[in-house]
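Visitor: I've got a few questions about this one. Can you walk me through it?

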Amino acid sequence: MKISTFGYSIKQGLKNIRRNLLFSLASVGTIVACLFLFGIFYTIVLNMEKEIESIENSLTISVFFDEGTSENQIKNIGNEIKKISNVDQMYYISSDKAWDTYINDVYNGDKDYVNSVFGDDNPLADSSSYELTLKDIGLQKNTVDQITAISGVRQVNSSDGTAKSLNSIKGLVGYASFGVIIILLLVSLFLISNTITIGISVRKEEIAIMKLIGAKDFFVRAPFLVEGVIIGLVGSLIPVGIVCIIYNSLTQYLTEHFTIVQNMVDFVSVGQVCKGMLSISLLIGVGVGFLGSLFATHKHLRV
């Protein structure tokens, strides 16, 4: 595109917006409203995903060994487990450490009382284990089967019910996100397309003359594309600022005034929310503006 053509397209695109200011503002307002709703949904989903990830990281698999398994054999079992691609982190818990943990949890660390009851014996002498965290909790069953097949492994304890519930929640969140985005895109496309159509109808005679004197298709269409992109750009920036201000104020208020919220929920940072929403909003806003203009010109200009 020549610089003169580019300048003309920008100038005419801005003129189109001024000519149809009411409809242009309506389109901008619609995009702002749609992306504002999306922003609210986005912050909720982002925090839900963080909480789900936190729960997933806290879920562990316990691997116990056959009675009489030597330390060398336990080490070899650990090496085999590390080869499994879905294993994230692995910790070895000796029988002595397991017994100390049990005393702390059940007897509040009263070793004198425990020694008077059990003596110097360790009832959990054969309870050495590996504690594992997984990269993908959805592959837990397959991972457990792989670990169970390793020679010397007596038992593998896992939270199958919790894993299934988390997978179901993640799936529901994913489908809901996709559905909301599609609905917002369709609404915005419809409104921008209508705005561009009005601009075309106002300039029908001018466009007909331009085509008669040999104006190329792109030259005729470019101002309307610029109009749609500008509407989408403006409409995508406003809700980002609004959502970020509201999110920052709300999270600060909740953490400062409600201790239980501060202890239970670790909110996603404002910076992360704004950065993610800015890129998504620009992509949606500018993309919808461009596509809306493209569809309208293709349908009504017949160029």
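Visitor: What share of the 303 residues in the protein is buried?

Guide: Keep in mind that this is a predicted model. Buried here means under 20% relative accessible area. By that cut-off, the buried share of the 303 residues is 37%.

Visitor: And how much of the accessible surface belongs to carbon and sulfur atoms?

Guide: Start from the total, which for the protein is about 17,600 Å². Of that accessible surface, the part belonging to carbon and sulfur atoms is 61%.

Visitor: How many helices and strands does the protein have?

Guide: Counting strands gives four, and the helices come to eleven. One of the helices is H6, spanning residues 140-148. So the tally, by DSSP runs, is eleven helices and four strands.

Visitor: Why do the buried residues of H6 sit on the same side?

Guide: In H6, the buried ones are Gln140, Thr143, Val144 and Ile147. An α-helix has 3.6 residues a turn, so positions three or four places apart point the same way. Around the axis of H6, these residues share the same side because they cover an arc of only 100°.

Visitor: Which cysteines form a disulfide?

Guide: The rule asks for sulfur atoms within 2.5 Å, and the count comes to one disulfide. Its sulfur atoms lie 2.1 Å apart, and the partners are Cys244 and Cys274.

Visitor: Which helices does that pair link?

Guide: The two cysteines are 30 residues apart, so the pair joins distant parts of the chain. Cys244 sits in H9 (residues 217-257) and Cys274 in H11 (residues 270-300). The linked helices are H9 and H11.

Visitor: Is Cys244 buried or exposed?

Guide: The cut-off for buried is under 20%. Cys244 has 9% relative accessibility, so Cys244 counts as buried.

Notes: Residues numbered from 1 in each chain as written. Predicted model: local features only at pLDDT ≥ 70, side-chain atom pairs only at ≥ 80, totals over all residues. Heavy atoms only, no water. Buried < 20%, exposed > 50% of the residue type's maximum accessible area, 1.4 Å probe, protein only. Arc of directions from axis to C-beta. Areas by Shrake-Rupley, 256 points an atom, 1.4 Å probe, with all protein chains shown as cover.
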